Amino acid sequence: MSEDFFKNKDLKTDYLTSLYMRDVAVDYAKSLIEEQKPFSLALVDIDNFKNVNDNYGHTTGDIVIKKLAAVLKNSFGERGVVGRFGGDEFIVVIPGITEYDAVWSLLREVHKSVDGLQIEEVKNLYLTCTFGLSRFPLDAKNYDSLFELTDKALYRGKIKGRNCFIIYLESKHKNIQLHSGNDTTISSMQMHTQVFRFLNSAPHIQDGIKDLMLFLGSNLMIDHLGIQTKNGLYFSQVYTLTNSEEFSSISHPFFMDNVSPAMGVYYLNDVANLENINQTALLKECRSQGIKSSLYAVICYNDEIFGYIRADSTSTARIWQYKDMDLLITAANAIAMSLHFQNKKIEEL
């Protein structure tokens with residue numbers, strides 16, 4: 001880090017975490033830009049932190065923030081200056097490290113230190129975090145632009161499923177649109193409405209389902225998306241940025257047999273857990289397609305099962321968010337209604 005910036009200065013620290021406050025980290029980043037010294041800028045967000053406050057109280061929330069702050073500071077060490085950005089977010093300035101492989105290795109190391117971090121004061125409370133990062137001067141020439149790109153990378157990590165790190169790449173992330181909390185709520189309402197519009201406005205049910213699957217795969221950034229039946233895989237979509245283009249039918253009944261009757265969905269955030277329940281053959285089949293996480297939403301109407309919407313993540317283990325599951329369940333129910341009232345089967349389309 002720059003000794004000149006920190007030398008002989010009374011810099012403000014956060015009362016809870018003892019980290020530098022946001023203004024200090026921002027001023028440090030701006031000083032590096034002024035001196036034209038390369039650096040990386042990262043944002044770190046605690047996943048689902050609102051649930052911690054809601055379920056355990058704000059005192060536990062403070063314990064979580066303090067604990068994570070200490071782990072982040074220790075993990076970055078002398079390689080980065082960690083500050084508290086506000087609430088459950090942290091900002092990190094990483095001087096001199098901008099080469100992609102070096103940044104990737106550093107983030108992987110730090111991410112591992114907080115992945116499933118246990119809070120000893122609260123039984124069964126484990127933390128995960130999402131990281132977003134961009135680089136100066138490669139990605140932007142001024143602080144405001146650099147911060148926006150870092151925020152885009154963080155946002156990409158959140159909608160991808162959280163518990164991951166994203167390094168901004170123009171070819172992948174340039175067109176990401178950031179949304180406020182209210183925008184997200186409105187967007188969720190609009191997306192549910194769109195599900196029915198696709199099915200109701202298409203001249204043929206197969207056209208509506210095809211358009212719906214394209215819409216879901218693109219908006220939820222699902223690597224593999226299709227309708228799985230006992231007879232095969234239909235309406236399959238492979239996301240353009242997937243790590244594995246291999247997407248084929250999985251005939252094993254395990255997923256379908258374990259769909260929750262109450263929720264109409266079964267999901268695995270990490271298919272590696274199949275090994276713990278003696279499903280090694282299924283795990284091998286998943287790995288042959290590069291699947292890290294999987295979700296099945298039953299397409300069912302009046303106890304008649306037509307198949308399952310199958311969604312896979314190939315890039316990393318994905319923590320399936322309730323809002324994403326809710327949309328996929330809505331889509332499955334809408335498809336089931338359309339099939340029932342038109343007396344159709346998936347295999348007939």
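The protein has 12 helices and 13 strands. Helices (H or I, at least four residues) and strands (E, at least two) are DSSP runs, numbered from the N terminus. This is a predicted model, in which local features need pLDDT of at least 70 and side-chain atom pairs count only at pLDDT 80 or more, while totals for chains, interfaces and linings use all residues. Residues are numbered from 1 along each chain as its sequence is written, and side-chain values use heavy atoms, with hydrogens and water left out.

**Overall form**

The radius of gyration of the protein is 23 Å, which agrees with the value near 20 Å that a compact globule of 349 residues would have. This radius is taken over C-alpha atoms, and the globule rule is 2.2 Å times the number of residues to the power 0.38. Along the principal axes, the C-alpha atoms fill a box of roughly 80 × 45 × 35 Å.

Of the 349 residues, 51% are buried. Buried means under 20% relative accessible area, exposed over 50%, and partly exposed in between (1.4 Å probe, protein chains only). The accessible surface comes to about 17300 Å², and carbon and sulfur atoms hold 46% of that surface. Areas come from the Shrake-Rupley method with a 1.4 Å probe; for residues, only the protein chains shown count as cover.

Among contacts (heavy atoms within 4.5 Å) between residues at least 6 apart in sequence, 63% join residues at least 24 apart. The protein carries 35 positive and 43 negative side chains, and the centres of the two sets lie 1 Å apart. Lys and Arg count as positive and Asp and Glu as negative, without His and the chain ends; each charge is placed at NZ of Lys, CZ of Arg, CG of Asp or CD of Glu.

Helix 2 covers residues 22-34, and its 13 residues reach 18 Å from first C-alpha to last, close to the 18 Å expected. The expected span is 1.5 Å times one less than the number of residues in the helix. Buried residues of helix 2 include Val24, Tyr28, Leu32 and Ile33.

Helix 4 covers residues 58-76, and its 19 residues reach 27 Å, close to the 27 Å expected. Among its buried residues are Thr60, Gly61, Val64, Leu68 and Phe76.

Isoleucine 65 also lies in helix 4. Isoleucine 65 counts as buried because its relative accessible area is 2%. Leaving out residues up to four places away in sequence, isoleucine 65 touches Leu16, Thr17, Ile46, Phe49, Arg84, Gly87 and Phe90. One of these, isoleucine 46, is 19 residues from isoleucine 65 in sequence and 8.4 Å away in space, C-alpha to C-alpha.

**Backbone angles**

| Residue | Phi |
|---|---|
| Serine 18 | about 65° |
| Glutamine 36 | near 55° |
| Asparagine 48 | near 55° |
| Glycine 77 | near 55° |

Serine 18 sits in the loop between helix 1 (3-6) and strand 1 (20-21). Glutamine 36 follows helix 2, and glycine 77 follows helix 4. Asparagine 48 is in the loop between strand 2 (39-46) and helix 3 (49-56). Asparagine 48 counts as partly exposed because its relative accessibility is 31%.

The peptide bond from phenylalanine 136 to proline 137 is cis, with omega near 5°. Proline 137 belongs to the loop between strand 7 (129-136) and helix 6 (143-160).
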